[in-house]
Amino acid sequence: MAVNLVNVEAVSKVYGTRALLDGVSLGVSEGDRIGVVGRNGDGKTTLIRMLAKLEEADTGRVTHNGGLRLGVLTQHDSLDPEATVRHEVIGDLADHEWAGSAKIRDVLTGLFGGLDLPGFPQGLDTVIGPLSGGERRRIALAKLLIAEQDLIILDEPTNHLDVEGISWLARHLQARRSALVCVTHDRWFLDQVCTRMWDVQKGDVFEYEGGYSDYVFARAERERIAATEEAKRQNLMRKELAWLRRGAPARTSKPRYRIEAANELIADVPPPRDTSELMKFANARLGKTVFDLEDVTVQAGPKVLLKHLTWQLGPGDRVGLVGVNGAGKTSLLRALADAAGSQGDVQPAAGKIVVGKTVRLAYLSQDVTELPGTLRVLEAVQQIRDRVDLGKGREMTAGQLCEQFGFSKEKQWTPVGDLSGGERRRLQILRLLMDEPNVLFLDEPTNDLDIETLTQLEDLLDGWPGSMVVISHDRFFIERTTDNTFALLGDGTLRMLPRGIDEYLERRQRMIDAAAPAPAPAAAAPAKAGPSAADARAAKKELQKIERQMDKISDKESKLHAQIADNATDFAKVADLDAQLRELVGEREELEMRWLELAEDA
């Protein structure tokens, strides 16, 4: 049984606001040859530095086997610039001693092209200080390979090596008995040297058997299966969530087991926003004061819309603002924006608005800002800046943000004059976000935007750390992006609605009912006859039969899902199973509709 050399237990590492590694557990044993891959900045180097105990983990622990002989090649060497190559690589060995060692001769020839180091001015007696970074790198690698180790950890060992040098290094490592952990972008090298792969992604490490080619096939298959299953799960989840969100009375119109199944399906889905984390970032960006309103009166011409308003918009507050047309929603935002633009010098008709010193406001009005028609989409965004910090360690280039908002690489070079109204609206939002505001006013942001773009905007706002006020008639958007709802009901006041838009609708209905004239008395209408007792009994009996049928269909669906996963590489089989699954889904939906029809009679 292979001896465990290094053990990593529940290790986490955070840089700034970004978790590079989150609860990672791994092990390296004798004979392991592990290649480490992943995107730049995802934590590959951090992982191997912690393996080597060159860097401490924030949580968890890394343990080495007692007496472990460890060799590490980092991206920055620790060579003595005043020493010679001979001193660093060969040490105190006499010429006849190192020249008699086949291993030393092989390393010097493989890395330097000969025992006399033909590329160096004084051969082995060359002083290291004036040498280039690539030459120093080869010296550090030679020093490591000449020694004896139980485990070698290499960070980008092929850098500064030519094709022959890389080929030699692969053969040399294949012949060594040492275990190996290697970070490199050289895919051929990984295929030649490694028998296992670690893929560092989003704080986690996925393990694969085989070299790089095996890893590519295995990962592609894993992601395909995961995408298929997740797509099915997400589609079902959205359907069930929409059903669950129709309100408490409607939830009783389906069998109890369907409610429990839906709740189980969404049990592991996290909330869209980490509110406490965003509040912490917002406080750091904004301080204590954003907007403080004291006894404010807001007018539109001679008309008084709001009077004696005392209200506070604090750091990290996400407010949805609803109200009847003409109640003063847009006028309130404009009054706040005017005060922010003048740093408090422009004040409303009465009262006072105090603006925080660090406020950077972006105001998306209902009017689409006109841009020169000849300007390209990407140029219009880059006019603001090339990169944007979205908070929580997220940064995007202008091009990346354009892609997220539906402007493909080709579309980014479209003249602004050729864009549709919805595309111009998207571009307007993009330009606002690129200016890195810490306060957002969005007045009807959903105008002209399709569902996909709205979803992308919501996703972007989920991680945006700042204060936000949204005016919208799109209820879903307000509930999805904000935490508190305030209403202007047309009576000159601003009210907080703890129960959100449901409460707003109830208040509006009460106001309408109170203003309506009393109805004239009328003859009592005849009561509607209900179902007979016999009809009710028949309905209950059929309901029970339908529920048993749906239970059977649910079992069949689960089995089909398992078969699809087991036969993921057999596309013909998967297509056949998928067709069977579609038939079952259609049958189940018909039964559900019949169940709902019978529920009233029962």
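Which side chains meet in a salt bridge at 3.0 Å, N to O? They belong to Arg69 and Asp150. Please keep in mind while looking around that this is a predicted model.

**Salt bridges across the chain**

Let us stay with that pair for a moment. Arg69 sits in the loop between strand E4 (59-64) and E5, while Asp150 sits in the loop between helix H5 (133-146) and E6, so their contact ties together parts that are 81 residues apart in sequence. Both partners are partly exposed: Arg69 has a relative accessibility of 42%, and Asp150 has a relative accessible area of 25%.

In general, side chains of opposite charge can pair when their charged atoms come close. Here the count comes to 21 salt bridges. Three of them are set out below.

| Pair | Closest N to O distance |
|---|---|
| Asp32 and Arg196 | 2.9 Å |
| Asp462 and Arg480 | 2.7 Å |

Asp32 and Arg196 form a salt bridge. Asp32 lies in the loop between strand E2 (18-29) and strand E3 (33-38), and Arg196 lies in strand E8 (residues 196-201), so this pair ties together parts that are 164 residues apart in sequence. Asp32 is buried at 13% relative accessibility, and Arg196 is buried too, with a relative accessible area of 14%.

The salt bridge between Asp462 and Arg480 links helix H16 (residues 451-462), which holds Asp462, to helix H17 (residues 475-481), which holds Arg480; the two residues are 18 apart. Asp462 counts as buried at 7% relative accessibility, whereas Arg480 counts as partly exposed at 23%.

There is also a network of salt bridges to visit, in which Lys13, Arg49, Glu55 and Asp58 are linked.

Strand E6 (residues 151-155) is mostly covered, with five of its five residues buried. In a regular strand the side chains alternate between the two faces of the sheet. In E6, Leu151, Ile153 and Asp155 point one way, Ile152 and Leu154 point the other way, and all are buried.

What runs alongside E6? Strand E5 (residues 70-73) runs parallel to E6 and is joined to it by four bridges. Strand E7 (residues 179-183) is also parallel to E6, and five bridges join these two.

**A positive patch on the surface**

Turning to the surface, Lys545, Arg548, Lys552, Lys556 and Lys559 gather in a patch of positive charge. One of these, Lys552, lies in helix H19 (residues 533-566). Lys552 is exposed, with a relative accessible area of 57%, which is over the 50% cut-off for that class.

Most residues other than glycine have a negative phi. Two places are worth a look on that account.

Lys53 has a phi near 60°, a positive value in a residue other than glycine. Lys53 is found in the loop between helix H1 (44-51) and E4, and counts as partly exposed at 45% relative accessibility.

Asp295 has a positive phi as well, near 50°. Asp295 lies in strand E10 (residues 291-300), and at 40% relative accessibility Asp295 counts as partly exposed.

Key
Residues are numbered from 1 along each chain as its sequence is written. This is a predicted model: local features need pLDDT of at least 70, side-chain atom pairs count only at pLDDT 80 or more; totals for chains, interfaces and linings use all residues. Side-chain values use heavy atoms; hydrogens and water are left out. Patches are made of residues with over 30% relative accessible area and no salt bridge: like charges are joined within 9 Å, nonpolar side chains (Val, Leu, Ile, Met, Phe, Trp, Tyr) within 5 Å. Accessible areas come from the Shrake-Rupley method with a 1.4 Å probe; for residues, only the protein chains shown count as cover. A salt bridge is a side-chain nitrogen of Lys or Arg within 4 Å of a carboxyl oxygen of Asp or Glu. Lys and Arg count as positive and Asp and Glu as negative; His and the chain ends are not counted. The place of a charge is taken as NZ of Lys, CZ of Arg, CG of Asp or CD of Glu. Buried means under 20% relative accessible area, exposed over 50%, partly exposed in between (1.4 Å probe, protein chains only). Two strands pair if DSSP finds at least two bridges between them.
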